[in-house]
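Okay, thanks for coming, everyone. I'd like to walk you through one chain and its two ligands today, so let me put it up on the screen.

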Amino acid sequence: QHKLSILRDEKTSTKDFRELVNEIAMLMTFEATRDLPTEQVEVKTPCGIAKCNHIAGRKLAFVPILRAGLGMVDGCVSLVPAARIGHIGLYRDETTHTPIEERLIIVTDPMLATGGSAIDAISQIKLRNPRKIVFMCIIAAPEGLEALKKAHPDVDIYCASLDEKLNDDAYIIPGLGDAGDRIFGTK
Ligand code: PRP
Ligand code: URA
């Protein structure tokens, strides 16, 4: 929440905004992967055998929604370096660069406003038979959260803040403005 308060600040620079988005994404990945199934393995230490837990089966993939979702990927991958990464762009056909079947798919996008982008992205990802889908955003509007829950009730949603409402232009209030512009320095 401390990092989020700096992220929201209109005076925060593009450099700091990018770093904060990644730091928050890393912390949220910790929560979103908490329930990954594990299996027991035996590890030989220099002093004996330790019973340890490994993540079981195929692991996970992060799928950022272009463009702003890309801003979260480095943070996610710093926690799960071996994860596959897919990409989804909503102004063109889905382009996934790696297989996602049977994996936990963590879809990243900093903003859930009306929910339209997340709903469409998840519908497309479902066609690829993932084992489970989690949606991870930094700020959500109540309207978007309700719409996403209704459209995809099987998807777990993680957000760092549930804000007040959308304005007439479908921007989140108080939100943080346009996440893509602030990450990529385009405004
Ligand atoms: C922003 C944001 C989400 C979407 C949320 O992306 O990153 O993808 O809007 O709004 P919604 O819930 O009403 O769909 P935008 O389309 O502005 O593109 P960008 O990531 O390139 O900035
Ligand atoms: N997309 C953004 O980047 N910000 C909003 O407030 C709404 C949609």
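Predicted model: local features only at pLDDT ≥ 70, side-chain atom pairs only at ≥ 80, totals over all residues.

Let's start with α5, where the buried residues are Gly144, Leu145 and Leu148. Seen down the helix axis, those residues fall within an arc of 100°, so they line one face of α5. Some terms, then: buried is under 20% relative accessible area, exposed is over 50%, and partly exposed is in between, with a 1.4 Å probe and protein chains only. The arc is taken over the directions from the helix axis to the C-beta atoms. Helices (H or I, at least four residues) and strands (E, at least two) are DSSP runs, numbered from the N terminus.

Residues are numbered from 1 along each chain as its sequence is written, chains are lettered from A and ligands numbered from 1 in the order in which they are written, and side-chain values use heavy atoms, with hydrogens and water left out.

What covers its buried residues? Contact here means heavy atoms within 4.5 Å.

Now α4, residues 116-126, which has Ala118, Ile119, Ala121, Ile122 and Ile125 as its buried residues. They span an arc of only 170° around the axis, which puts them on the same side of α4. Their cover includes β3 (60-64), β5 (104-108), β6 (111-112), β7 (132-140) and α5 (142-151).

Zooming out for a second. The chain has 6 helices and 10 strands. Its radius of gyration is 17 Å, close to the 16 Å that the globule rule gives for 187 residues, so the chain is as compact as a globular protein of that length. That radius is taken over C-alpha atoms, and the rule is 2.2 Å times the number of residues to the power 0.38. Along the principal axes, the C-alpha atoms fill a box of roughly 60 × 35 × 25 Å. Of the 187 residues, 42% are buried. And if you take contacts between residues at least 6 apart in sequence, 63% of them join residues at least 24 apart. The accessible surface is about 10100 Å², with 53% belonging to carbon and sulfur atoms; areas come from the Shrake-Rupley method with a 1.4 Å probe, and for residues only the protein chains shown count as cover.

On to the ligands. Ligand 1 is surrounded by 14 residues, and the closest are Ala68, Asp109, Thr114, Gly115 and Ser117. Surrounding means that a heavy atom of the residue lies within 4 Å of the molecule. For polar contacts, the cut-off is a pair of N or O atoms within 3.5 Å. On its own, ligand 1 has 500 Å² of accessible area, and the protein covers 79% of that.

Ligand 2 has Met111, Ala113, Ala170, Tyr171, Ile172, Gly177, Asp178 and Ala179 around it. Which backbone atoms does it meet? An oxygen of ligand 2 is 2.8 Å from a polar backbone atom of Ile172, a nitrogen is 2.8 Å from one of Gly177, and an oxygen is 2.8 Å from a backbone N or O atom of Ala179. Taken alone, ligand 2 exposes 240 Å², and the protein buries 81% of it.

Most residues other than glycine have a negative phi, and most peptide bonds are trans. Ala170, one of the residues around ligand 2, has a positive phi of about 65°. Ala170 lies in the loop between β9 (165-166) and β10, and at 32% relative accessibility it counts as partly exposed. Then there's a cis bond from Ile173 to Pro174, with omega near 0°; Pro174 is in the loop between β10 (172-173) and α6 (179-184). Finally, Asn129, in the loop between α4 and β7, has phi near 55°. Is Asn129 buried or exposed? At 54% relative accessibility, Asn129 counts as exposed.

Notes. Polar contact = N/O pair within 3.5 Å; in protein donor to acceptor, adjacent residues only side chain to side chain.
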